[in-house]
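This report concerns aromatic rings, their pairing and the charges placed over them. The structure is shown first.

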Amino acid sequence: MASNNGQFEQANSSGFPDEMIRRFLLGDLNATERPVFEQRLLVDDALAARVRLAELELADDYAYRQLSNAERELFTEKFLLSADRERKVRVSRSLRDHFAPAAVAGGSAAYINRLRAVFGVSQLAWRFAFAVVVLLLLFGAALLVIKEPRLARQITNSIVPRRRLAPSVPHEASHSNNTSAPEHQTTPSPMPVHDQTAASPLIVSVALLPMASSPGDATPWISLPKGVEDIARLQLAVKPDQLGPYRAELLTSERQPVLSGELIKAPDNGAQVNFDVPARLLKSGDYQIRLSRDNAGANENLGSYYFRVQ
Amino acid sequence: MPPATKLHTLQQEEFDRLLTWLDPDAARAGLDYEEIRWRLIAILTSRGCRSPEEVADETIDRVARRVADIKDNYVGDKSLYFLGVMNNVHHEYLKRPSMPRLPDRDDDGDAKEQTHACLEKCLDHLAPNSRKLIERYYAADKRAKIDLRKRIAAEFGVGINTLRLRALRIREKLQTCIEQCVELETF
């Protein structure tokens, strides 16, 4: 009946695997296994010796935090019910504290510490990696802005009110034969009014003054949006007494008609006429707009406006 | 347990008769008694019994009282007779109103200190090889345990399972030594 360690080496042939002994200790045998195991335990010294050692091993595993969550639950509910086993666990803890103080912090804490050690920002490699990521992001953003001017304009429009300098216009001298470069008066164009939601077309505006002829290098330019629905809004300055409605005709530099508009009305301030041209109709090159109105049944020419598409 | 049964105190004569029935040799009978008690407690604990020692002791008391009647005619392994009686006692125990489980005790500081001190003493009593083995066997945490134990097994020229059994046997000796040491320190 007494424990016989000499028989222990042969105990594995008793038909009860270590895993089953462990489940017995954790109270996890089923109704079929239990009576067979209990009866055998009482009469089989070798099995009893194995159970004793397994009991110590289980207490050690508990103290060293090597049990799964389910096993820990069973351990406290079904195993740790006798004073004898409490003493065993106390010795297991003492062994742990004595021989493996690093394990005292516990498996989870040790795991977290290991994660910190690997992913900690104090690691030189991670610092370098973070720096590379930031640089890549900056480079990518710059590339995006360069490659996608429309996006850049959208960003700009959402941050800074879009204003474009009005083209210079010669003063009275522009009607003279002076061939020198004309003086330019810069007049900021009013803010375009348009819907800035993502679905609405993009409107690019340019303010134009009437000129007797193309100003050459001083021709105001416009950078076209690429969307099929986008619009180039040509803001044509008119004298206050030149009331509408107006007629506008867009021509290429070769005098080829591109678009004409009838019954165009000036906004309330009356200082300019907005002539919207679908951007898709425009290509790179110089253009001219002829603005006129009906004045007592006669067509009155109000001026020509020049601009360049880049 | 019925109150009438609990009031019955085991007489020394009955206990002696039990030991004699287990083994005519007193020393072996004492070991048999301890072994049976431990196995009963193990079974009861596995069944989830909250008072395994109490039920096991009650079982042994009842067997002791019956020994006079059965000793001449009982055939078979005597341990199995304990199992049959234990099933009845446990069945009665389960019918009793369940006692609320006491909250888990924190490891008592004094007991912990005593255990530490006794561990040091008991380690000194180990043979050098045993001490070396146990120190190394219990040195690693979960992550390093497997690798370390493979290395130890190779150093000692044994297989992993043999190493485990050797370590656990030393552990068992330590447990016994520490419990005796703590008991002596306490009294």
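At a relative accessibility of 11%, Y62(A) counts as buried (under 20% relative accessible area; exposed is over 50% and partly exposed in between, with a 1.4 Å probe and protein chains only). F75(A), at 0%, is likewise buried. The ring centres of Y62(A) and F75(A) are 4.1 Å apart and their planes lie at 10°, so the pair is stacked. Rings of Phe, Tyr and Trp (its six-membered ring) pair if their centres lie within 6.5 Å; planes under 30 degrees apart are stacked, over 60 edge-to-face, and the rest tilted.

This pair links distant parts of the chain, 13 residues apart: Y62(A) belongs to helix α3 (residues 45-63) and F75(A) to helix α4 (residues 69-79). Helices are DSSP runs of H or I with at least four residues, numbered from the N terminus.

## Basis of the model

The model is predicted: local features need pLDDT of at least 70, side-chain atom pairs count only at pLDDT 80 or more, and totals for chains, interfaces and linings use all residues. Residues are numbered from 1 along each chain as its sequence is written, chains are lettered from A and ligands numbered from 1 in the order in which they are written, and side-chain values use heavy atoms, leaving out hydrogens and water.

## Further ring contacts

Twelve aromatic pairs are found over all chains. One of them, F16(A) with F37(A), is edge-to-face, at 5.0 Å centre to centre and 75° between the planes. Ring pairs also join W21(B), Y74(B), Y81(B) and F82(B) into a cluster.

## Charges over rings

R52(A) lies over the face of W38(B), 4.1 Å from the ring centre (NZ of Lys or CZ of Arg within 6 Å of the centre and within 35 degrees of the ring normal).

Conventions
Helix = DSSP H or I, 4+ residues; strand = E, 2+ residues; numbered from the N terminus.
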